[in-house]
Amino acid sequence: MDPLEASRLVTDEYSAKILVATFKKPKSAIDLSREYGIPIAACYRRIKQLEGLGLLYGERAEPSRNGRGLQLYRSRLRSVQIAIEDGKLRARVVLAPMGVAATSENEVTEQIMNLREPSLTV
């Protein structure tokens, strides 16, 4: 996961709403769209981006009338820290393990970018 990309995405209004809303209880894209006023297409786009970065995952599917199932999403994000110090941008992301029965520790990813020489990433 790219912590700098994750930090950019979590500061997006719709993404932040999705991550906060799914922190304690999984929710469907339809519920997120209705409850938080997120256009459904934007909601699915953000969900796809958040899943791609590992910040959100499909916890389970519930039966639906069309027979395809309604996917419920849950946030893995526990914390994000972004700091600029000594000409360096530091992004640190802490994720919870996937699944209710997961026994592994939180996953921590950190990336530092030298702003004076942007091509240098630690």
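This is a predicted model: local features need pLDDT of at least 70, side-chain atom pairs count only at pLDDT 80 or more; totals for chains, interfaces and linings use all residues.
Me: What makes up the protein chain, in helices and strands?
Reply: The protein chain has four helices and five strands. Along the sequence they follow the pattern α-α-α-α-β-β-β-β-β.

Me: How much of the protein chain is made up of buried residues?
Reply: Buried residues make up 37% of its 122 residues. The protein chain exposes about 7500 Å². Carbon and sulfur atoms supply 50% of that area.

Me: What share of contacts in the protein chain, between residues at least 6 apart in sequence, join residues at least 24 apart?
Reply: The share is 45%.

Me: Why is H2 called roughly perpendicular to H4?
Reply: Helix H2 covers residues 13-21. H2 and H4 pack at an angle of about 70 degrees, with their axes 10 Å apart. Angles from 65 to 115 degrees count as roughly perpendicular. The angle falls in that range, so H2 is roughly perpendicular to H4.

Me: Which residues meet where H2 packs against H4?
Reply: From H2 come Tyr14, Ser15, Ile18 and Leu19. From H4 come Ala42, Cys43, Arg46, Ile47 and Leu50.

Me: Why is Ser15 called buried?
Reply: Ser15 lies in helix H2. Its relative accessibility is 0%. Buried means under 20%, so Ser15 counts as buried. Leaving out residues up to four places away in sequence, Ser15 touches Leu9, Arg46 and Leu50.

Me: How do you know that Asp12 and Arg46 form a salt bridge?
Reply: Their closest N and O atoms are 2.9 Å apart. A salt bridge needs a side-chain nitrogen of Lys or Arg within 4 Å of a carboxyl oxygen of Asp or Glu. The pair meets that cut-off, so it is a salt bridge. It links distant parts of the chain, 34 residues apart. Asp12 is in the loop between helix H1 and H2, and Arg46 is in helix H4.

Me: Are Asp12 and Arg46 buried or partly exposed, and why?
Reply: Asp12 has 21% relative accessibility, so it counts as partly exposed. Arg46 has a relative accessible area of 15%, so it is buried. The cut-off for buried is under 20%.

Me: What makes Lys27 and Glu35 a salt bridge?
Reply: Their closest N and O atoms are 2.6 Å apart. The cut-off is within 4 Å, so the pair counts. Lys27 is buried, because its relative accessible area is 14%. Glu35 is partly exposed, because its relative accessibility is 46%.

Me: Why do Glu85 and Arg90 count as a salt bridge?
Reply: The N to O distance is 3.5 Å. That is within 4 Å, so the side chains meet in a salt bridge. Glu85 is partly exposed, with a relative accessible area of 39%. Arg90 is partly exposed too, at 28%.

Me: How many salt bridges does the structure hold, and which residues are linked in a network?
Reply: The structure holds eight salt bridges. Glu59, Arg60, Glu62 and Arg74 are linked in a network of them.

Me: Why is Val10 called buried?
Reply: Val10 is found in helix H1. Its relative accessibility is 14%. That is under 20%, so Val10 counts as buried. Leaving aside neighbours within four places in sequence, Val10 is in contact with Ala16, Leu19, Leu55, Leu77 and Val80.

Me: Why is Asp86 called exposed?
Reply: Asp86 has a relative accessible area of 66%. Exposed means over 50%, so Asp86 is exposed. Asp86 lies in the loop between strand E3 and strand E4. Its phi is near 50 degrees, a positive value in a residue other than glycine.

Me: Which residues form a nonpolar patch on the surface?
Reply: Ile30, Ile40 and Tyr44 form the patch. Together they have about 240 Å² of accessible area.

Me: What makes Tyr44 partly exposed?
Reply: Tyr44 is in helix H4, residues 40-52. Its relative accessibility is 41%. Buried means under 20% and exposed over 50%, so Tyr44 counts as partly exposed.

Key
Residues are numbered from 1 along each chain as its sequence is written. Side-chain values use heavy atoms; hydrogens and water are left out. Patches are made of residues with over 30% relative accessible area and no salt bridge: like charges are joined within 9 Å, nonpolar side chains (Val, Leu, Ile, Met, Phe, Trp, Tyr) within 5 Å. Accessible areas come from the Shrake-Rupley method with a 1.4 Å probe; for residues, only the protein chains shown count as cover. Helices (H or I, at least four residues) and strands (E, at least two) are DSSP runs, numbered from the N terminus. Buried means under 20% relative accessible area, exposed over 50%, partly exposed in between (1.4 Å probe, protein chains only). Axes are lines fitted to C-alpha atoms, for helices over the stretch in contact, and angles run from 0 to 180 degrees between N-to-C directions. Angles under 35 degrees count as roughly parallel, over 145 as roughly antiparallel, 65 to 115 as roughly perpendicular and the rest as oblique. Contact means heavy atoms within 4.5 Å.
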